[in-house]
Amino acid sequence: MLGLKFARMRKGMTQQELADIIGVNKLMISRYEVGTAKPSIEKLIKMAEILNVTVDYIVKGEVNNEN
């Protein structure tokens, strides 16, 4: 999840704050950020909404401007 950490930090959130909102523990957010665990699609969508980025950004760390 290449963009997750950057998006979270840009929003000024700690791992614990994001974890509390989406209903996981802080360790799971850390695992998402380093790629050793993958969130469910529901949690991925919720994180994108909270962090005001696209799912694509969270997963790839880039913005897809092609439509």
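Here is a short tour of this structure, from its overall fold to its core. The model is a predicted one. The protein is built from five helices and has zero strands, so its elements read α-α-α-α-α from the N terminus on.

**Overall shape**
- The protein has a radius of gyration of 11 Å, which agrees with the value near 11 Å that a compact globule of 67 residues would have.
- Along the principal axes, the C-alpha atoms occupy a box of roughly 35 × 25 × 20 Å.
- Among contacts with a separation of 6 or more, 51% link residues 24 or more positions apart.

**The inside**
- Of the 67 residues, 36% are buried.
- The largest nonpolar core holds 19 residues, and Leu18, Tyr32 and Met47 touch the most other members.
- Each of the helices α1 (4–10), α2 (15–22), α3 (26–34), α4 (41–51) and α5 (55–60) brings at least two residues to this core.
- With five residues, α4 gives the most to this core.

**A closer look at Tyr32**
- Once neighbours within four places in sequence are set aside, Tyr32 is in contact with Met1, Leu4, Ile22, Val24, Ala37, Lys38, Pro39, Lys43 and Met47.
- One of these partners, Met47, is named alongside Tyr32 among the core residues that touch the most other members.

Definitions and conventions: Residues numbered from 1 in each chain as written. Predicted model: local features only at pLDDT ≥ 70, side-chain atom pairs only at ≥ 80, totals over all residues. Heavy atoms only, no water. Helix = DSSP H or I, 4+ residues; strand = E, 2+ residues; numbered from the N terminus. Rg over C-alpha atoms; globule rule 2.2 N^0.38 Å. Buried < 20%, exposed > 50% of the residue type's maximum accessible area, 1.4 Å probe, protein only. Contact = heavy atoms within 4.5 Å. Core = buried A, V, L, I, M, F, W, Y, C linked by side-chain atoms within 4.5 Å.
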